[in-house]
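Subject: Structure handover

Hello,

Here is the structure I promised to pass on. Please have it open while you read; my notes follow below it.

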Amino acid sequence: MDLNSALPSHASVVVIGGGVMGCSTLYHLAKEGVGDAILLERNKLTSGTTWHSAAQVRALRSSRNLTELIRYSVSLYAALEEETEQSTGWINKGSLSIATSEDRLVHIRRQEALAKLFGLRATSISPGEAKERWPVMNAEDVLGAVWSPDDGRVSPSDLCAALVKGAKARGAKVFEDTSVTGILTRDGKVAGVETPHGTIRCDAIALCSGLWSRKVAAMAGAAVPLWPCEHFYLLTKPVEGVSGNLPTLSDHDSHLYIRDDSGGLLVGCFEPLGKAIDPEQLGEDFAFQLLPEDWDHFEPMMLNALHRLPVLETAEVKTLLNGPESFTPDGAFLLGETAETRGLFLGCGMNSVGVATGGGAGMALAKTIAHGRSPFDLHEADPKRFADCFNDVAALANRVPEVLGKHFEITYPGRQWASSRNLRHLPLHTRWQDARAHFGQVYGWERPLYFGKATEPTMTFGRPDWFDAVGQEVMAAHQGAALFDLSSFGKIEVEGRDAERFLERLCANRMARPPGRAIYTALLNSEGGMESDLTAVRLAADHYRLYIGTTAVRRDMAWLRHHLDGEQVALRDSSEDYAVLGLMGPEAARIAEQAGAAELAALPYFRAGSAEMAGVPIFAVRLSYVGEAGWEITCKAADAERVYDALASFGAQPAGLFAQTAMRIEKRFLAYGHDLDTDISPLQAGLDFAIDWDSDFIGREALKHQRDAGEACRIVTVSLDHPEAVPHGGEPVVFDGEMVGMTTSAAFGYRVGRPLAIADLRRAEARTEGAAVEVDIAGRRWPARVTCRAAFDPEGQRMRTLPARAA
């Protein structure tokens, strides 16, 4: 307990968990003016995981905003010492990433390019220069390296002490030895916390209790998909040749990270397949204990370490440390409000980056709680991104060992998870198996990526194994007719007498249209950022069906539910009730007619109607996401095979997600989570046609301000000159020698015969038609041209197509 006070009866926010995430969140809540915030820790601060962290702080991450969190951490950790007069143990000695394979060299050079785009210092250096920075390293097989001078490390216990000192100085309080025994809710919202020392009424909870977060969240009826793994690192006594502080050495081809430690060495690993552990085995009193050493499991990593560091052969071992760390099914942490319980915010599942990310993540979580939204888009960390199937213990325990192993894996484009598969099957799964589909997992669904190749593809940064197969599918849609399985898209029924009024308030486009109309629109936040984009179909005066992105179901349902304001509206997730097939191509009308639905040909674009196909009722909308005329056909899930068999019998060919992606990029159609997020508005994305300025919707005032300020579209198509270039998305775009933005989606454009990318460019001159730019792919700059139009847009094409949609 806090020695200076008793447990309060009320606190605006209760932070649960005294690790780095909890301490950082408390500190930042106090900075945001939430002076009555308190932190409850069941044992002592840093117990559980934080205390034994290797505490590396490497800034670069896969996106600008995730990188920004760690950049903030770096600045915070350095500044805290001056603010609180409490050392954080911050040591800025940089980091060194080495490559011993050609693909790893490409990987770290792609990282170097991104670092420069994000404003981080990073430089390619030779093996000899790498050896100079790490003299005891064996560099004989090193092909190259990247030096990042701004990285460092910190003392986790000292850091938490400084954060708590700063929080207390602003009025916050900390109560150790205070476990949470229950969470009170009222009408689906947090109302209080129960402890052995009394009940605390509160408005919000920040759940930062590490590997115990899943159990605590269940007290409030919320699902938290995380599970712990054992994590190993070796500590030695002082070693000859190691003096002072060295950079962190990343030998990811060997699955190792290495640094000095009190004159000796710390050698940690993320082995190819980790060891999951049931939290119940740890016991209620697990705090500063460690798990048993497991030399048999560590031996392959030890052999790798002996190769990289020959001095280990004679080094004296202190210990093989083994401590639990929590992981999520996709390797990204959880930050934000839960879908199930309002006021319950998560800051957990840190996947071994808790100390590095904790400063920035605590800041972002505090701002989310205090102001209703994060300081910038963090959709990668949204707790609502997982389907229910990933809260299953078996699925988690099978997945997280692979998650740990992928921590240092080369991030090849198109790589898929091997574990916890076949959790959800689309209605046509058997048909796709018969067609030799290669599946990828999206929101738990097994979704066809491409067809016709039975063998597993070889991962590469170059032209992929599936290149020709995808090209054939694109040409089937372009020259004949193709069937795209869109059944995984979310579907939300909005019903009730106030359905129109409710959606008019939430959606940027005009929703007051007659039944039978399809409407492309966006859900915006108060700043005008895009929370989601969707296609709504009005089925009746009191009934709309929203077709949304596959991974957006829980997020969009929560957004709609939380914004109900007395309207007589019922919301229902009908995603699994229906199958959706996209019939696309010049032969689509003939095939639809032969299948018994000739009346579809009379539907104007963005109109919907009912028909019968293969003897079963269907509902079709005239639109396309691939730039070929056709319909999206909805039927009952149980009827999907009959509809598919009829369409296939008349010549429609199956096409997968990779073909759809290539075609939508050719048409400059945008995808949420790639080209769109909460940091961009419809105006900035070129989607102003989907704004009804006469409606009074959330975000309208922010959009008006942007419009009046002359805000322009930032999104362009980039056409690369050389067919052999292979962009994947996430590459810097260079204009006039300056990095001015990055590609957000990329693919080969089969209908135009060259590589293409959609890019977000921040400099106006670079967005002019025909501007000459370069795309930096792993350090090589490929010439390209900018167009503000679609790369594929046949002259005279009359169809109106869907401009944006989450895949």
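R121 is in contact with W147, S148, P149 and D150, leaving aside its neighbours within four places in sequence. Contact here means heavy atoms within 4.5 Å. R121 sits in the loop between α3 (102-117) and β5 (123-125). Helices (H or I, at least four residues) and strands (E, at least two) are DSSP runs, numbered from the N terminus. R121 has a relative accessible area of 52%, so it is exposed. The cut-offs are these: buried means under 20% relative accessible area, exposed over 50%, and partly exposed in between, with a 1.4 Å probe and protein chains only. From R121 to F270 there are 149 residues in sequence and 26 Å in space, C-alpha to C-alpha.

Before the rest, a word on the source. This is a predicted model, in which local features need pLDDT of at least 70 and side-chain atom pairs count only at pLDDT 80 or more, while totals for chains, interfaces and linings use all residues. Residues are numbered from 1 along each chain as its sequence is written, and side-chain values use heavy atoms, with hydrogens and water left out.

L312 is in the loop between α8 (295-308) and β17 (317-327). Its relative accessible area is 5%, so L312 is buried. L312 touches T236, L265, V267, M302, A305 and L306, not counting residues up to four places away in sequence.

T341 belongs to the loop between β18 (334-337) and β19 (344-348). It is buried too, with a relative accessible area of 3%. Residues up to four places away in sequence aside, T341 touches T185, G188, K189, V190, A220, G221 and A222.

A602 lies in the loop between α15 (588-594) and β30 (608-613). Its relative accessibility is 63%, so A602 counts as exposed. A602 and K406 are 196 residues apart in sequence, and 51 Å apart in space, C-alpha to C-alpha.

Helix α9

Now look at helix α9, residues 354-371. It bends by about 35° at G360. The bend at a residue is the angle between axes fitted to the seven residues ending there and the seven starting there. Of the 18 residues of α9, 15 are buried, so the helix is largely enclosed by the rest of the structure. G372 follows α9, and its phi is positive, near 90°.

Two helix pairs

How do α1 and α9 pack, and at what angle? Helix α1 (residues 20-31) meets α9 at an angle of about 40°, with the axes 7 Å apart. Axes are lines fitted to C-alpha atoms, for helices over the stretch in contact, and angles run from 0 to 180 degrees between N-to-C directions. The two helices are therefore oblique to each other. Angles under 35 degrees count as roughly parallel, over 145 as roughly antiparallel, 65 to 115 as roughly perpendicular, and the rest as oblique. The crossing of α1 past α9 is right-handed. A crossing is left-handed if the near helix is turned anticlockwise from the far one by less than a right angle, and right-handed if clockwise.

On the α1 side, the contact is made by V20, M21, S24, T25, H28 and L29. The α9 side includes G354, V355, G358, G359 and A361. By class, the contact of α1 with α9 has nine nonpolar, seven polar and no charged residues. Ala, Val, Leu, Ile, Met, Phe, Trp, Tyr, Cys and Pro count as nonpolar, Asp, Glu, Lys and Arg as charged, and the others, Gly among them, as polar.

The other pair is helix α2 (residues 64-84) and helix α5 (residues 156-169). Their axes come within 10 Å and cross at roughly 55°. That makes α2 oblique to α5. This crossing is left-handed. From α2, L76, Y77, L80, E83 and T84 meet L159, A162, L163, K165 and G166 of α5. The contact of α2 with α5 divides into six nonpolar, two polar and two charged residues.

Positive phi

Most residues other than glycine have a negative phi. N422 is not a glycine, yet its phi is positive, about 60°. N422 lies in the loop between α10 (393-406) and β20 (424-425). At 46% relative accessibility, N422 counts as partly exposed.

R668 also has a positive phi, near 60°. Its place is in the loop between α17 (657-666) and α18 (700-708). R668 is buried, with a relative accessible area of 17%.

Best wishes
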